[in-house]
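Welcome, and please open the structure in your viewer.

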Amino acid sequence: MSKMTETRFAYGEALLELGAQRPTVVALDADLYKSTRTVLFRDAYPNRFVDVGISESDMVSTAAGMAATGLIPYCNSFAIFITGVCYMPIRTQIAYPSLPVKLIGSSAGLTQGPDGASHQSLEDISLMRGLPNMVVVSPADDVETRQATFAIADWPGPVYMRLGRYPVPRLFDGGYHFTIGKATTMREGGDVAIFATGHTVCKVLDAADLLARDHIEAQVINVSTIKPLDHEAVQAAAARAQLLVSVEEHSIIGGLGSAIAETVSGIAHAPRLLRLGVHDQFGESGLADELLEKHRLTGKLIAEDIRQALP
Amino acid sequence: MITEAELARLRHLAATMRWRIVTMMGASKVHHFGGSLSSVDIITALYFRKMRYDPNNPRWLERDRFVMSKGHSVPAQYTALAMLGVFPVEELSTLKRLGSRLQGHPAMHTIPGLEACTGALGEGLSYANGIALAGRILGLSYRVYCLIGDGELQEGQVWEAAMTAAKHCLANVTAIIDRNRLKAMDEAACSKQMDPLPERWASFGWAVAEIDGHDMAAICNTLDWSDGQSQPSLIIANTVKGKGVSFLEGQAGFHNAAIDETQYQKAVRELESALAAQGENVR
């Protein structure tokens, strides 16, 4: 097992490097720069950093004005604030004219932990995915986070990138190349195809190990771009597997599972889709691992649910 | 100091703007008459005198920017841009029609000359601050003007932006409040305590001036005054909603409404007389 890292740390370091390479990259934060890790960028490039304070809407609208003037702003807050508080200015001022503002939602999902429901973002993918022109990226480990941080700078329009504060193992080696819109098969298998995103990718790999002991071979697909979805990857999996599964640290309404379902609904004779995640509920205070257990998002519980669902 | 001849030219342009706005809107169609007409004199002074702006190159990096935060008044901005030649005047008649580049609220990606997408109120001043901060980072020395409705001040984000501009001493930001005192349903003051406006903005760290928003000399002189401030500046322009058409003036009912054919003919007659009177002065 490699060392465990939180994706937000990989992001902070990558943004610092990106800042050195690209003088047009600026960062904005809303009084969370130590948590979001933009503190590194702030210390290195104080003239290209703005902490607007506790006013997320002001932050994203300010970023839109900067983007319209030729800069590439990275806006930072917790996932629930940057997508929830700011939905309207993101929609009108960023998504509608397709300005290249990068919205970075940190501490996403249940694994935000003890702060409870107010801070646990389980609807952010849903909110951002519904916006025309918006790209939604959700990397699985530090290597992919680093590459995605660079890749989204080159994307000509708006991007929402979802990050976490939960330690995950390194899943990719140096040869990996992240591409916006491309899903990656992490493990081959013909019985069941499991789509996962973000923190759940490592959990699903654990589940696949457990399933293999029962001679169930699972294909594990990392969907690090939820929009635009890699339709070909979904179609290919649907053509072979007996069961499709989506796993996300997000509501099963509107997130990865919904995105997969939208594609699957257009495929004749597609296998059943099992959507695992948070079932139309708010979160609550607790330790990250306790919450994952409660919502059946550990490797063991994911494997159990898949075994039960298999025909 | 602005000359009488220059003032006469601007007043004639403002009268032309009003005539064009009402004729582009026409009879029997729902339009934002009130707020478009109240902002005309301010927009005339900005586009036809104050701003460094090249109609042949509306994306010129050094240009002064105008952000229409009260997006429903964009017909006035469309009219100014068309009269400057940024797009054909004939296109004004397509306003809000299916397939038109002239959307009901500003869509910067559909027509040249618009600096922002607005329409959801309260977001424009933050955006203007972003343009100003970008200018600082990129070493560009333009000014940014942002027109805000007084009803729009009820949106909390305006005050977030006011604090940000003051903190960063954005002296190249001038916000103008089109204070026609009416919002969509009734008076702004019916819903929230609006006074004292000048004192509030001053206490937020802004240089504040208050003028008659239809007095062209006052508008021009106050815009010149804002150039010399070392902090962001706010101009409270007291205006009349529906200014220039007798039966539209001061009526919340014409915020977004249609006028019938008889009313339309009367409005055009009034605006043509006003235009003729201004034309005499220009000559």
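Which strands and which helix do the buried residues of helix 9 of chain A pack against? Keep in mind as you look that this is a predicted model. Select residues 200-213 of chain A to bring up helix 9. Its buried residues pack against strand 8 (168-169), strand 9 (184-187), strand 10 (192-196), strand 11 (218-222) and strand 13 (243-251) of chain A, along with helix 13 (299-309) of chain A.

**Stop 1: along helix 9 of chain A**

Stay with this helix and show its side chains. Thr200(A), Val201(A), Cys202(A), Lys203(A), Val204(A), Leu205(A), Ala207(A), Ala208(A) and Leu211(A) are the buried residues. From the first C-alpha to the last, the 14 residues of helix 9 of chain A reach 20 Å, close to the 20 Å expected at 1.5 Å a residue. Now step past the end of the helix to His215(A), where phi is positive, near 65°.

**Stop 2: the two domains of chain A**

Next, colour chain A by its domain assignment: domain 1 covers 4-169 and domain 2 covers 184-309. Their C-alpha centres lie 25 Å apart. Where they touch, domain 1 of chain A gives 28 residues and domain 2 of chain A gives 30 residues. To find the domain 1 side, select helix 7 (124-129), strand 6 (135-137), helix 8 (142-154) and strand 8 of chain A, each of which supplies at least two residues. That side of domain 1 has 15 nonpolar, eight polar and five charged residues.

**Stop 3: helix 6 of chain A, looking towards chain B**

Select residues 87-95 of chain A, which form helix 6. Buried here are Pro89(A), Ile90(A), Thr92(A), Gln93(A), Ile94(A) and Ala95(A). What do they pack against? Within chain A the partners are helix 4 (56-67) and strand 5 (102-106), and from chain B comes helix 5 (124-138).

**Stop 4: where the two chains meet**

**Stop 5: chain B as a whole**

Chain B has nine helices and five strands, and along the sequence they follow the pattern α-α-α-β-α-α-β-α-β-α-β-α-β-α. Its radius of gyration is 18 Å, close to the 19 Å that the globule rule gives for 283 residues, so chain B is as compact as a globular protein of that length. Along the principal axes, its C-alpha atoms fill a box of roughly 50 × 45 × 40 Å. Of the 283 residues, 51% count as buried. Among contacts in chain B between residues at least 6 apart in sequence, 76% join residues at least 24 apart.

**Stop 6: Leu271(B)**

Leaving aside neighbours within four places in sequence, its contacts are Arg18(B), Trp19(B), Val22(B), Gly244(B) and Val245(B). Finally, draw a distance from Leu271(B) to Arg20(B): they are 251 residues apart along the chain, yet their C-alpha atoms are separated by 9.3 Å.

Technical notes:
Residues are numbered from 1 along each chain as its sequence is written. Chains are lettered from A and ligands numbered from 1 in the order in which they are written. This is a predicted model: local features need pLDDT of at least 70, side-chain atom pairs count only at pLDDT 80 or more; totals for chains, interfaces and linings use all residues. A residue is buried if 20 or more other C-beta atoms lie within 10 Å of its own, exposed if 12 or fewer, and partly exposed in between; C-beta atoms are placed from the backbone. Helices (H or I, at least four residues) and strands (E, at least two) are DSSP runs, numbered from the N terminus. Two residues are in contact if their C-beta atoms, placed from the backbone, lie within 7 Å. The radius of gyration is taken over C-alpha atoms; the globule rule is 2.2 Å times the number of residues to the power 0.38. The expected span of a helix is 1.5 Å times one less than its number of residues. Domain bounds come from an automatic or database domain assignment. Ala, Val, Leu, Ile, Met, Phe, Trp, Tyr, Cys and Pro count as nonpolar, Asp, Glu, Lys and Arg as charged, and the others, Gly among them, as polar.
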